[in-house]
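Please look through the sequence and the model shown below before reading on. The paragraphs that follow lead from the strands to the helices that accompany them.

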There are 2 protein chains.
Amino acid sequence: MDKLPERIRIKDIARLAEVSVGTVDRVLHGRPGVSKSSKGRVEEILKELNYHPNVYASALASNKKYLLAYILPEHKEGSYWCDIEKGIKSGSEAFNDFHLSISPIYYDPYTPTTFDTCIQEVLALNPDGVVISPTLPEKTFSLVGELNKAEIPFVFVDSNIAELNPLAFFGQNSVQSGYFAGSMLMLLAQQANQVVIFRHIHNGKNRLMNQQQNREKGFREYMSKYHPHCQILEVDVDVKLNSQEVEALLNTFFSEHPDIKCGLTLNSQVGVFGEYIEKHNLNNFHLLGYDLLERNIKCLKNGSVRFLIAQQPVMQGYNCIDSLCRYLIFKKEVKQFNYMPIDLLTADNVDFYQEVREQ
Amino acid sequence: MDKLPERIRIKDIARLAEVSVGTVDRVLHGRPGVSKSSKGRVEEILKELNYHPNVYASALASNKKYLLAYILPEHKEGSYWCDIEKGIKSGSEAFNDFHLSISPIYYDPYTPTTFDTCIQEVLALNPDGVVISPTLPEKTFSLVGELNKAEIPFVFVDSNIAELNPLAFFGQNSVQSGYFAGSMLMLLAQQANQVVIFRHIHNGKNRLMNQQQNREKGFREYMSKYHPHCQILEVDVDVKLNSQEVEALLNTFFSEHPDIKCGLTLNSQVGVFGEYIEKHNLNNFHLLGYDLLERNIKCLKNGSVRFLIAQQPVMQGYNCIDSLCRYLIFKKEVKQFNYMPIDLLTADNVDFYQEVREQ
């Protein structure tokens, strides 16, 4: 092979592959209009030279604009979904130079029909890609059917429906996370013969099924393996109850079970129970929950919640945008299933959790 | 203010600030040759417009080449430093399009004089920036004196010497990490009245001082606060001992302390002790250590090590390069002190730890 200059140029590749510069350019950017044999020769040379096109330069030169949409449950300030959204926004800022814009779409998780409007909205937008939280599986099936027809790639955040074959998924392995929750709770509780799951339900259903139910599955798996004789109690708290009603419910529970020493929530609502524990001075009660909401962190620091399990929501959101951009703008490969770490936080390490992730 | 086009151009800024396009360009890229008043006017307009230069385009257009050096202890395959180096390499690959190259320099941590050669090497290279693991504080002081003279920016990885004022530091808060280690170990050990610290020393000194000593300080702080009557034993293992000699040392220790139920290492060498525990079927001994070396993970999975504390070495290395590039290439601000999370790993969550960090 001829001696090559230090920095390989497209014209060098064209010369070696005996094709025009335009042909090399078409192969590099995946555009049509190249014969199979020319394409093969160019690809061979690229491989031989270990040539990587300057993706930034290509993307900047293209001047194409990209619109991404994201579909999340409606949420209040300070909720788990705020952090997911924060990551999405921070991801879109990171790719700002590549003419990227994002458009939010929200649904009411307790009124599934509102998701139908989301489907209409996203189709009207006709974005280049979509981030979806598939908390309502049936509705997500309908949406994905439409996206597939329109050839719009999508990624799942927080929970997964693998059979819908998303471009990527970012979230925790819920079953394993519940299993881990069991192991850590029982380390606190040691010889406990009773443990309580505080659940949030809606109209009698364990509505946010993907996460809460899968985590409970993992938790029960751990318990039946290592603590088969420990009784698992359940307290179902309807999301519509006001704080007095929740308090009355917990008063009844704790008066009926005066000896219970440990419990957990399998969602981000542990603060509700932590505050009850603190108010009633149940100092020997060990409580574990999920997610670093401010309310939960406060309980962690005052000792009413002993452990929080976190799952990098900001990173989840950021990575969703990152994976769509890698695919759409930089034509790079994207890893499909990406499990977040199962992070254990106590009063002693929680302050260092957020430092890295929110850069 | 005049109506502005959707995409703000340098000539728009020049018009509004009543200066030349060249002046705006100089201000944007921090080059000299601009009067104070022009600079002020341009900066005011930039702020008003919330203008962010397209940093990728600027950097690509400049064609400047960057050389970074990194100075690490010599290390074997599978050691903690491999992961730091992996992150450094991955960081430099990420910035490959910006004409970045890196040059490694190693010293023998047990022969401090070898660090003097590193100083000569790095000065001969005259790099644009340096990553340094300051495990040898006095030597690092000399190096930094030279770098400051040559106006070469540097970042610290793994441990910090804040008074040397690095551009950035990435690593764990060692004291808090040891405190956390104490809290988790005592959760396993519960009512233990004895705990042992297995230490690695060199020639009678606790050589890797920054980390091991600071972690021990935090550990002792926790113990004196919550378990003041628990006796803290020490076993010093010289790094020069072979495996038979280590085994003999541990045989002696365990025969003299048949009732001891828990211990920890404050560095990455916990695998040595985990393997001893496994070999001798000390099933009731609770061991905690640091860092996800393969050997350690094996012990975690077979139960001879119960907890590992991790500190994102790959991310540490990556972020060192990232911060130097942000500063040198993109002229962005860099956060100075960046504490890594204090991550707790057990057999049940360790498999999800690496997924995210090594993308």
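Two strands are said to pair if DSSP finds at least two bridges between them, where strands (E, at least two residues) and helices (H or I, at least four residues) are DSSP runs numbered from the N terminus. The model is a predicted one, in which local features need pLDDT of at least 70 and side-chain atom pairs count only at pLDDT 80 or more, whereas totals for chains, interfaces and linings use all residues. Residues are numbered from 1 along each chain as its sequence is written, and chains are lettered from A and ligands numbered from 1 in the order in which they are written.

Chain A gives the overall setting, with a secondary structure that comes to 14 helices and 12 strands and a C-alpha trace that spans about 85 × 45 × 35 Å along its principal axes. Of its 359 residues, 44% count as buried; a residue is buried if 20 or more other C-beta atoms, placed from the backbone, lie within 10 Å of its own, exposed if 12 or fewer do, and partly exposed in between. Two residues are in contact if their C-beta atoms, likewise placed from the backbone, lie within 7 Å, and among the contacts in chain A between residues at least 6 apart in sequence, 71% join residues at least 24 apart.

Within chain A, strand β4 (residues 154-158) is joined to β5(A) by four bridges, and the two strands run parallel; here Val157(A) stands opposite Phe170(A). Strand β11 (residues 337-339) of chain A also pairs with β5(A) in the parallel sense, over three bridges, with Phe337(A) opposite Phe169(A). Along β5 (residues 168-171) of chain A, Ala168(A) and Phe170(A) point one way while Phe169(A) and Gly171(A) point the other way, and all are buried. Asp158(A), which lies in strand β4 of chain A, has a phi near 80°, a positive value in a residue other than glycine, and Asp158(A) is buried, with 27 other C-beta atoms within 10 Å.

Strand β5 (residues 168-171) of chain B is joined to β11(B) by three bridges and runs parallel to it, and Phe169(B) has Phe337(B) as its bridge partner in β11(B).

Two packed helices are described by the angle between their axes and the distance between the axes. Angles under 35 degrees count as roughly parallel, over 145 as roughly antiparallel, 65 to 115 as roughly perpendicular and the rest as oblique. The axes of α6(B) and helix α7 (residues 137-149) of chain B come within 10 Å and cross at roughly 15°, and the two helices are therefore roughly parallel to each other. Their contact is made by Phe115(B), Ile119(B) and Leu123(B) of α6(B) and by Lys139(B), Ser142(B), Leu143(B) and Glu146(B) of α7(B).

Helix α3 (residues 36-49) of chain B and helix α1 (residues 10-17) of chain B have axes that come within 9 Å and cross at roughly 120°, and these helices are therefore oblique to each other. On the α1(B) side the contact is made by Ile13(B), Leu16(B) and Ala17(B), and on the α3(B) side by Arg41(B), Val42(B), Ile45(B) and Leu46(B). Helix α2 (residues 21-28) of chain B packs against α3(B) at an angle of about 80°, with the axes 10 Å apart, which makes α2(B) roughly perpendicular to α3(B).

Technical notes
Axes fitted to C-alpha atoms, helices over the stretch in contact; angles between N-to-C directions.
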